[in-house]
Amino acid sequence: MPQSTFRNHVLKSIDPDDFALLQPSMHHVELGIKDQLEVPYQPIEQVYFPETGIASVVAIMTGGRQSEVGIIGHDGMTGVTVILGQQSSPNETYIQIAGQGWSLPVENLRAALAKSPTLGRSLLRYANAFLIQASRTALVNGHSKIEERLARWLLMVHDRSSGSRIYLTHEFLATMLGARRPGVTTALQMLEYRGLIQARRGEITIVDRSGLIKLTHGAYGEEEQRHFSIVRNRT
């Protein structure tokens, strides 16, 4: 497949010579809901480049408390820890919205990085963008109301989705936002009352994107657009 036909932004934007180093070792994969891509503190053996679907990077505390610290769609890749020279991550990464993508053995990625400084620089730019996303998520989770956090999260998923419908349960949303399920349910009802979304069991439809952006009060904005090169213009 020509590089230009790939939808994943990282693969599409790297230097053609660097892409040629990676392509022979890549495999097309189906990414099913709850598929585990990285296990906490276990060696990472594959990195993934989603074309469709979304993966969640989730931090887990002693006692089982969980909160999402990042999301990865066609804008990025898993394995930021590998790019930074480490073997494993303390976080879990798994698929929250099913899709397709490409996998690459870590040993092949490391071999390519050893051959090409330009590939390393390109992937480090993405790693920096992901860390910016994670830091903003921490800021928002600490200072924004739950409805603002929910609106930001829905917008970020919408950026990485092919349509306006998002298939998720209230329980899953609570885990992603580090909130209690009743609070998430109330926040969804508030967004629906304002005409911003339509919520059914296991399904949320974005109705008014610009209204959601306004509701975040700056929690979603230029950083998400600039650093992740989201080029879809939605209204």
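A salt bridge here is a side-chain nitrogen of Lys or Arg within 4 Å of a carboxyl oxygen of Asp or Glu. By that criterion, a search of the whole structure finds three salt bridges. The structure is a predicted model, in which local features need pLDDT of at least 70 and side-chain atom pairs count only at pLDDT 80 or more, while totals for chains, interfaces and linings use all residues. Residues are numbered from 1 along each chain as its sequence is written, and side-chain values use heavy atoms, with hydrogens and water left out.

The protein contains 10 helices and 10 strands; helices (H or I, at least four residues) and strands (E, at least two) are DSSP runs, numbered from the N terminus. Its C-alpha trace spans about 55 × 40 × 30 Å along the principal axes. For 235 residues, a compact globule would have a radius of gyration near 18 Å, and the protein agrees at 18 Å; the radius is taken over C-alpha atoms, and the globule rule is 2.2 Å times the number of residues to the power 0.38. Of the 235 residues, 49% are buried. Buried means under 20% relative accessible area, exposed over 50%, and partly exposed in between, with a 1.4 Å probe and protein chains only.

Strand β4 (residues 54-60) is mostly covered, five of its seven residues being buried. Strands pair if DSSP finds at least two bridges between them. β4 runs antiparallel to strand β6 (residues 92-97), joined by five bridges, and Val57 stands opposite Thr93 in β6. Six bridges join β4 to strand β5 (residues 66-72), also antiparallel, with Gln66 in β5 as the bridge partner of Ile60. The hairpin of β4 and β5 has five residues between the strands, and there Gly63 takes a positive phi near 100°.

Helix α6 (residues 146-159) has 14 residues, which should span 20 Å at 1.5 Å a residue; its end C-alpha atoms are 20 Å apart, which agrees. The expected span is 1.5 Å times one less than the number of residues. In α6, 12 of the 14 residues are buried, among them Trp153, His158 and Asp159.

Asp159 also forms a salt bridge with Arg209 (2.7 Å, N to O). This pair links distant parts of the chain, since Asp159 lies in helix α6 and Arg209 in helix α9 (residues 209-215), 50 residues apart. Both Asp159 and Arg209 are buried. Another salt bridge joins the side chains of Arg160 and Asp75 (2.9 Å, N to O). Arg160 is in the loop between α6 and β8 (165-166), and Asp75 is in the loop between β5 and α3 (80-83), 85 residues away. Arg160 and Asp75 are both buried.

Glu203 and Arg165 meet in a salt bridge at 3.9 Å, N to O. Glu203 belongs to strand β10 and Arg165 to strand β8, 38 residues apart. Glu203 counts as buried because its relative accessible area is 14%, whereas Arg165 counts as exposed at 52%.

Arg201 sits in the loop between β9 (197-200) and β10 (203-206). Arg201 counts as exposed because its relative accessibility is 84%. Arg201 and Thr169 are 32 residues apart in sequence and 6.9 Å apart in space, C-alpha to C-alpha.

Leu124, in helix α5 (residues 117-143), is partly exposed, with a relative accessible area of 43%.
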